[in-house]
Amino acid sequence: MKKNFKETSKTGAIAWLLQRISAVVLFVLLMFHFFTYHFITSTTPGWEKVVSKMQSPWFNLLQFLFLITALYHGLNGVWMVVEDYIHSKFWRIFVFGLILFVGSSLLFIGTATILKISNLELMELVKGVSK
Amino acid sequence: MYKRTKFFDLSYYKFIGSWAWILHRLAGLALIFYLCLHIWVINTLTLGPDKFNQVMTFLGSPLFKFLEVGLWGVILFHAFNGVRIVIVDFFKGSLFHKKLFVILVAIAVVLWAIGSYLLLSHIQWAG
């Protein structure tokens, strides 16, 4: 029994479930993202317009949630494809490392964008101090 | 041990579910590629108004707006087929998944038309 349990824990059942949960969350957040950005901005592509949207903490919280669920769902999806077609241990570890690297870099870039834009005055202050 | 999967076994492709599966995968891979570019490009917000507006004007050209229309289509397919997958996995959807596929794709097409109209109305023909 113990052995069976150990084996099922390696079948990816949790990844499967999380992929579906993140999918449902993403469905809502993606529609929200498209209706608040892609459909209504860019008649006058405006830095000010985007920045003024990003001053609301609740809006930014949703954006951050969108960022992490999208990255998780997307990269977990890539990993599922990898598991179907790549069988050598070396290449699996290589691609897994690549996915972790890309994921953490984009998480960093995305979070930095949200934090910097939502704290523009603070950023100016930091720049002033470092000069 | 792993069992090797054929990359593309055509004998399965007489069923709608196989097409839904492969298109869902391809759409997903396209979307993660777009997501990477999107996060990177939007980071130009931090470089100030001039840089960001310059990039947005470039992306407001007809070519990119038509690409965005395609993106919206790929997203809707992946999202609505995803809804089908969740219904199949959790709500006995396997009993009616083909009908479900047709209905959900029909809804997606309607949303695609509406979204595409909104996107294309933003084209800056002069730029």
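Helix H2 (residues 13-38) of chain A packs against H3(B) at an angle of about 150 degrees, and their axes lie 10 Å apart. Axes here are lines fitted to C-alpha atoms, for helices over the stretch in contact, with angles from 0 to 180 degrees between N-to-C directions. Helices are DSSP runs (H or I, at least four residues), numbered from the N terminus.

A word on the source. This is a predicted model, where local features need pLDDT of at least 70, side-chain atom pairs count only at pLDDT 80 or more, and totals for chains, interfaces and linings use all residues. Residues are numbered from 1 along each chain as its sequence is written, while chains are lettered from A and ligands numbered from 1 in the order in which they are written.

Back to that pair. H2(A) and H3(B) are therefore roughly antiparallel (angles over 145 degrees). On the H2(A) side, the contact includes A:Phe27 and A:Leu30. On the H3(B) side, B:Ile75 and B:Val83 are among them. Contact means C-beta atoms, placed from the backbone, within 7 Å.

Now the second pair. The axes of helix H5 (residues 89-118) of chain A and H1(B) come within 9 Å and cross at roughly 35 degrees. A:Val102, A:Leu106, A:Ile109, A:Gly110 and A:Thr113 of H5(A) meet B:Cys36, B:Ile39, B:Trp40 and B:Ile42 of H1(B).

Finally, the whole contact. Chain B brings 34 residues and chain A brings 30 residues. In chain B, helix H1 (16-42), helix H2 (49-59), helix H3 (62-90) and helix H4 (97-120) each supply at least two residues of the side touching chain A. Which helix gives the most to that side? H1(B) does, with 10 residues.

Methods. Two residues are in contact if their C-beta atoms, placed from the backbone, lie within 7 Å. Angles under 35 degrees count as roughly parallel, over 145 as roughly antiparallel, 65 to 115 as roughly perpendicular and the rest as oblique.
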